[in-house]
Amino acid sequence: MAKMWAGRTDGVTERIADDFNSSIHFDSRMYRQDITGSMAHAAMLAAQNIISQKDADTLIEGLSGILADLDSGALAIDMECEDIHMFVEQVLTQRLGDVGKKLHTARSRNDQVALDIRMYLRQEIDEITDLVKKLIAAVTGKAEAYKDAIMPGYTHLQRAQPITFGHHLMAYAMMLLRDMDRLADCRKRMNLSPIGCCALAGTTYPIDRQFEASQLCFDGVCLNSLDGVSDRDFCVELMSAISVLMMHLSRFSEEIILWSSWEFKFIELSDAYTTGSSIMPQKKNPDMAELVRGKTGRVYGDLMALLTTLKGLPLAYNKDMQEDKESIFDACDTVKMCLKVFVGMIDTLTANEENMKRAAQKGFINATDLADYLVKKGLPFRSAYKISGHLVALCIQQDTVLEELPLEQYRTFSPLFEADLYQAIDLKVCVEKRISEGGTSTASVQMQINKVKEMLHL
């Protein structure tokens with residue numbers, strides 16, 4: 001079949017070349033954006049007296065009919081077409097005759113595809129942002145439920161200081177808030193219209209780019225026509241933001257995997273978000289968290305693929321840029337699926353507060369508070385530190401914890417120890433004493449929760 005661009009050549013290519021060159025099997029998902037953009041283009045052409053108002057009305061009505069038919073399934077996308085732009089124009093011309101051929105006046109597929117992908121990704125950002133907000137709501141709700149549940153905080157994966165499970169969860173809420181900010185920044189820079197840049201140099205027709213941009217809810221237009229058709233920074237930036245988001249989900253997944261293991265047993269995942277083993281009947285595997293962790297590498301690969309594609313391209317448009325779509329579409333699809341699964345996984349998990357508290361006790365993470373107790377009694381810190389260390393060693397030897405060691409044994413190390421020491425080293429007291437803004441006390445965690453709820457209107 002001869003192509004719509006036939007002229008300089010006969011427009012006939014080998015089947016294998018057609019298949020290699022075609023993008024319709026992945027860019028067909030942008031049909032709505034392509035048709036909406038074309039309707040705005042027709043309206044602009046009429047407003048500028050480039051075509052008649054009658055022709056514009058006919059074009060817009062024809063495009064509306066194609067959109068309705070595609071939405072309803074009455075019209076199927078022809079995968080023999082080269083791309084979604086050619087498919088829409090071909091159907092329009094079949095339905096309207098010569099009037100349909102007027103639509104492509106004062107534009108190129110170069111600025112048309114740049115327009116479509118910006119419009120499509122705006123919508124994707126909005127959907128991803130909404131899912132991130134839902135995940136923050138789930139995390140915040142779980143944090144509020146466990147805002148006073150004692151657990152060990154870690155550095156180097158070694159038990160370090162007592163914190164609450166709610167405090168730990170809110171750390172991820174803060175990461176996700178920054179992810180929302182990155183997505184919003186990306187959307188702002190993306191929201192400039194390239195239509196009217198044409199192939200690369202603009203057009204001789206008296207078009208109104210601002211009119212078309214306004215019709216399509218853009219904040220303005222790309223100021224340089226070469227840049228307008230060759231810029232894919234917004235794709236790279238979005239994939240970068242998604243990669244950071246996936247990194248946060250992956251870190252969270254790693255902890256969920258650890259916490260749900262028998263070695264920790266801090267949390268219990270819902271059966272709905274775990275799988276079993278085909279041979280080991282006792283297994284309850286955190287496959288959803290593991291898949292999120294694995295798919296993070298996939299999204300990183302999408303980002304690196306596009307960066308590599310773009311790094312050697314001269315201006316303006318090159319066919320290499322067709323490779324942008326599969327990468328960015330895959331990254332968006334992947335992160336949306338991961339977020340949807342994550343929301344349910346967080347909503348349905350439960351914490352084993354007793355195991356968390358026992359791990360905190362076994363970690364002797366109140367040893368610093370024990371030393372501080374002696375310091376307040378007048379002992380120099382280094383002397384208090386040494387006594388505290390000896391007491392930890394004794395507890396390890398006797399397989400007990402500082403809270404359960406008898407006062408008589410404490411007093412063999414120092415006569416300064418009195419019955420009030422047990423209150424000083426109580427893990428709950430240790431946590432509640434950390435009252436600094438952003439700290440782990442219940443009041444501080446509640447302040448964090450309230451702030452996030454206020455910011456997101458939860």
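Trainee: Is M151 buried or exposed?

Mentor: This is a predicted model, and M151 lies in its strand 1. Residues count as buried under 20% relative accessible area. The relative accessible area of M151 is 0%, so M151 is buried.

Trainee: How far apart in space are M151 and A360, C-alpha to C-alpha?

Mentor: M151 touches several residues beyond four places away in sequence, including F266, M356, A360 and I365. M151 and A360 are 209 residues apart in sequence. Their C-alpha to C-alpha distance in space is 5.5 Å.

Trainee: Which elements do the buried residues of helix 13 pack against?

Mentor: The buried residues of helix 13, residues 353-362, are M356, A359, A360 and Q361. The buried residues of helix 13 pack against strand 1, strand 2, helix 7, strand 5, strand 6 and helix 18.

Trainee: Which elements give two or more residues to the lining of the largest pocket?

Mentor: About 420 Å³ of space lies in the largest pocket. Of the 22 residues that line this pocket, the closest to its centre are G153, Y154, I163, H168 and E255. The elements that give two or more residues to its lining are strand 1, strand 2, helix 7 and helix 10.

Trainee: How far from C186 is the nearest cysteine sulfur?

Mentor: The structure holds zero disulfides. C186 is accordingly in no disulfide, and the nearest cysteine sulfur is that of C235. A disulfide needs two sulfur atoms within 2.5 Å, whereas the sulfur of C235 is 8.5 Å away.

Trainee: Which residues are linked with K319 in a network of salt bridges?

Mentor: K319 forms a salt bridge with E82, with the closest N and O atoms 3.7 Å apart. The pair links distant parts of the chain, K319 in the loop between helix 11 and helix 12 and E82 in the loop between helix 4 and helix 5. K319 is partly exposed at 37% relative accessible area, while E82 is buried at 11%. The residues linked with K319 in the network are E82, D83 and R109.

Trainee: In the salt bridge of K336 with E124, how far apart are the closest N and O atoms?

Mentor: K336 lies in helix 12 and E124 in helix 6, 212 residues apart. Both K336 and E124 are buried. Their closest N and O atoms are 3.1 Å apart.

Methods: Residues are numbered from 1 along each chain as its sequence is written. This is a predicted model: local features need pLDDT of at least 70, side-chain atom pairs count only at pLDDT 80 or more; totals for chains, interfaces and linings use all residues. Side-chain values use heavy atoms; hydrogens and water are left out. On a 1 Å grid over the protein atoms alone, a cavity is a set of points where a 1.4 Å probe fits but cannot get out, and a pocket is an open set with protein on both sides within 12 Å along at least five of seven lines; lining residues have an atom within 4 Å of a point. Grid points are joined across faces, edges and corners, and a volume is the space filled by probe spheres set on the points. Helices (H or I, at least four residues) and strands (E, at least two) are DSSP runs, numbered from the N terminus. Buried means under 20% relative accessible area, exposed over 50%, partly exposed in between (1.4 Å probe, protein chains only). Contact means heavy atoms within 4.5 Å. A salt bridge is a side-chain nitrogen of Lys or Arg within 4 Å of a carboxyl oxygen of Asp or Glu.
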